[in-house]
There are 2 protein chains.
Amino acid sequence: MSVGLVEPQVARFDSPFTFANGAVLESHELVYETYGELNSAGDNAVLICHALSGSHHAAGFHSADDRRPGWWDLAIGPGKPIDTNRLFVVCSNNLGCCDGSSGPNTINPATNQPWGGQFPQPQVSDWVRSQKQLAEYLGISRWAAVMGGSLGGMQALRWAVDFPDWVEHCVALAAAPGLTAQNIAFNEIARHAILSDPDWSEGDYLAQGKLPTRGVALARMVGHLTYMSADGMSDRFGRELREGSFAPGDNNEWVFQVESYLRHQGARFSTQFDANTYVLMTRALDLFDLASDHEGDLISALSQAQASFLVASFSSDWRFPPQRSVEIRDALMAAGKSVTYANIETDNGHDGFLLPNATYEALLSQWMHRVGPS
Amino acid sequence: MSVGLVEPQVARFDSPFTFANGAVLESHELVYETYGELNSAGDNAVLICHALSGSHHAAGFHSADDRRPGWWDLAIGPGKPIDTNRLFVVCSNNLGCCDGSSGPNTINPATNQPWGGQFPQPQVSDWVRSQKQLAEYLGISRWAAVMGGSLGGMQALRWAVDFPDWVEHCVALAAAPGLTAQNIAFNEIARHAILSDPDWSEGDYLAQGKLPTRGVALARMVGHLTYMSADGMSDRFGRELREGSFAPGDNNEWVFQVESYLRHQGARFSTQFDANTYVLMTRALDLFDLASDHEGDLISALSQAQASFLVASFSSDWRFPPQRSVEIRDALMAAGKSVTYANIETDNGHDGFLLPNATYEALLSQWMHRVGPS
């Protein structure tokens, strides 16, 4: 049930792209993957939007000895909820990210140096407009569905509001209509960790041959902690020690299992993910507010949409708790839209949308039957 | 209703003090404050235990132009819940802390240099034993009450279990019987931030004339965030900007109010609080487990106690949520102890035990009538 070996592709755009904040890229590239085949009617295309640390690699494997499939392999493949026997699935790396699309770790043609801290700050609406260009490049004129979790779910909602006639179905998982002060505070701590690292070099670390790995590791530790639930962590790690003992007189260095785990996650991420990208992505999240163009009125904003919606939350998610999805559901209902809402019982926290769960997978599978040609 | 001007005092102990981990101090000092008068029967003494970043300065002012009173001035004073007209109140800076008691920022007589990273790792039981020495030094042979919030509440519980005939009443606010994996993870991130700061210098920063202010600021930002509730933060900061605007085309640096607040809190703390102390205190918290000497059986541990208990939680506290206080209450009931439990409705989060709240203050006031001579 895997899409098997997949190969990233590159779309190049040579016309200027203007960001919401007024910055302009003279040209840019988007890296993307596709799974399945676009049908002749062009009515089976599904766009997957990735989350903060995600990429275009949503399903399948890049090589025969690749041990980890794409980030949503759980949901995408032949016979899976997003069934590639029927659907043509597209996932692109967001503009400004670090997995191949134009971003801080690519070359600025004006200087022949990495963009670094000079890359424009994207907003979620910029990603939507750049994905619309990609759709046109691929010969798609309407999405059967736009889908995502977390930041990807917010991007899907932005699609449905900004380009109503492009989105037939919209799936927003573990999302929110906008970030709270607490959400922003967690992002700020992550950024502060990166900017406090002496190797940050004002964002110019690549040109200077440095990497702010300590800051990025800390940022990831903070983020990762907020994606797990307290109960899930208790079940998995408890108070177990990896080093040292609780015996009286023990003067060892104590290392709890949960500490070892977080340190490992931070260290691994710190050499794989670009620091400037982390700063830009968290800032795009902070700035996201679906109702901001409608004087804070979420119902008015969602009234623009023409899509049918699936909104799902995860019971133990405290980063974007169920209540935030309920806000979306209630605004959609008040706006007279078609919406299915489910709160999935799980200890997986915010990561719930990425992890196996029979109820979640069955819900997604059932709901996806309505997407694409019957 | 203020205790007015107060002066810290120093108790010196010249006999060796052995820590739970086997380390020995040949001599040490404890800084403490007292409010009210010890009566001739010696039955009106109340011990206040401070939390992670607290000190011996629990009430009153250090000088006439002192703008901030002690950390629990809300509760301590003539006519206040802990009524200094009736009670003799003692609060000491924990051994290993940085406000005057022997700790990493005091001089190691063996080297004539600051202890720095060489100061022994204290555990909560060490603080209890050192406070017992202080009590004996002050001519106290039994506490009418031992009280505290957060880490201070855990210390009060440890007192009641370790020295049952010393503790007549025990007040544990916003506490827990032991830290969860999530609690430990937050502490680890704070420590990791400090240890990642190049100025940390393996804990030897004082001797080297440095201060790991970036790491301590980050640690404080993480901690402070977890002491507030999500709803409380939304009410206080919302999505308000301090700098920049949401207008299209704005290319400014955006600074949200909540970011500005956290940065300020971090920066202020980073020059006031000792980094080694923060590392030792968070580790002492991690290691705290009331049931650890009783094979994980909390009921068995609390069966040792002779005190009557007040256990209170704060509804929006997610660092040590109400459920943890309920665990303590239920174990006390199962052990046949006298216990009053209240869950205070508030948006103040874990900081609830430090902040004004009519229900909380009335509860504490009512309950304290039973403490001391009638």
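Two residues are in contact here if their C-beta atoms, placed from the backbone, lie within 7 Å. By that criterion, and leaving aside neighbours within four places in sequence, A:Val146 is in contact with A:Leu47, A:Cys49, A:Ala156, A:Trp159, A:Ala160, A:Val167 and A:Cys170. The model is predicted. A:Val146 is also among the residues with the most contacts inside the largest nonpolar core, which has 238 residues.

**Nonpolar core**

- The residues with the most contacts inside the largest nonpolar core are A:Val46, A:Val146 and A:Cys170, together with B:Val46, B:Val146 and B:Cys170.
- A:Cys170 is itself one of the residues that A:Val146 contacts.

- Strand S5 of chain A spans residues 45-49 and is mostly covered, with five of its five residues buried.
- Both faces of S5(A) are covered: A:Ala45, A:Leu47 and A:Cys49 are buried on one side, and A:Val46 and A:Ile48 are buried on the other.
- S5(A) pairs with strand S8 of chain A (residues 88-92) in the parallel sense, over four bridges. Within this pairing, A:Val46 has A:Val89 in S8(A) as its bridge partner.
- S5(A) also pairs in the parallel sense with strand S11 of chain A (residues 145-149), again over four bridges. Here A:Met147 in S11(A) is the bridge partner of A:Ile48.

**Strand S4 of chain A and its partners**

- Strand S4 of chain A (residues 28-35) is mostly covered, seven of its eight residues being buried.
- Strand S1 of chain A (residues 9-13) is joined to S4(A) by five bridges, and the two run antiparallel. A:Gln9 stands opposite A:Tyr32 in S4(A).
- S4(A) and S8(A) likewise run antiparallel, joined by four bridges. A:Val89 in S8(A) is the bridge partner of A:Tyr35, and A:Val89 is also the bridge partner of A:Val46.

**Parallel pair in chain B**

- In chain B, strand S15 (residues 308-314) and strand S16 (residues 339-344) run parallel and are joined by six bridges.
- The chain crosses from S15(B) to S16(B) through helix H9 of chain B (residues 322-334), and this β-α-β crossover is right-handed.
- B:Ala312 stands opposite B:Ala342 in S16(B).

**Domains of chain A**

- The domain assignment of chain A gives domain 1 as 9-178 + 291-368 and domain 2 as 184-282.
- The centres of the two domains, taken over C-alpha atoms, are separated by 26 Å.
- Their contact takes 23 residues from domain 1 and 18 residues from domain 2.
- On the domain 1 side of this contact, the residues divide into eight nonpolar, twelve polar and three charged.

**Contact between chains A and B**

- In the contact between the chains, 41 residues of chain A meet 42 residues of chain B.
- Five helices of chain A each supply at least two residues of the side that touches chain B: H3 (181-196), H4 (213-227), H5 (230-237), H6 (257-270) and H7 (275-287).
- H3(A) gives the most to this side, with nine residues.
- The chain A side divides into 22 nonpolar, twelve polar and seven charged residues.

**Individual residues of chain A**

- Most residues other than glycine have a negative phi. A:Ser150 has a positive phi of about 60° although it is not a glycine. A:Ser150 lies in the loop between S11 and helix H2 (151-162), and it counts as buried because 27 C-beta neighbours lie inside 10 Å.
- A:Glu295, also not a glycine, has a positive phi of about 50°. A:Glu295 lies in the loop between H7 and helix H8 (298-303), and it is exposed, with 8 other C-beta atoms within 10 Å.
- A:Leu332 is found in helix H9 of chain A (residues 322-334). With 27 other C-beta atoms within 10 Å, A:Leu332 is buried.
- Not counting residues up to four places away in sequence, A:Leu332 touches A:Leu302, A:Phe309, A:Lys337 and A:Val339.
- A:Leu332 and A:Cys91 are 241 residues apart in sequence and 26 Å apart in space, C-alpha to C-alpha.

Methods
Residues numbered from 1 in each chain as written. Chains lettered and ligands numbered in written order. Predicted model: local features only at pLDDT ≥ 70, side-chain atom pairs only at ≥ 80, totals over all residues. Core = buried A, V, L, I, M, F, W, Y, C linked by C-beta atoms within 7 Å. Buried ≥ 20, exposed ≤ 12 C-beta atoms within 10 Å, placed from the backbone. Pairing = 2+ DSSP bridges. Right-handed = clockwise from strand over helix to strand, strands pointing away. Nonpolar A, V, L, I, M, F, W, Y, C, P; charged D, E, K, R; others polar. Domains from an automatic or database assignment.
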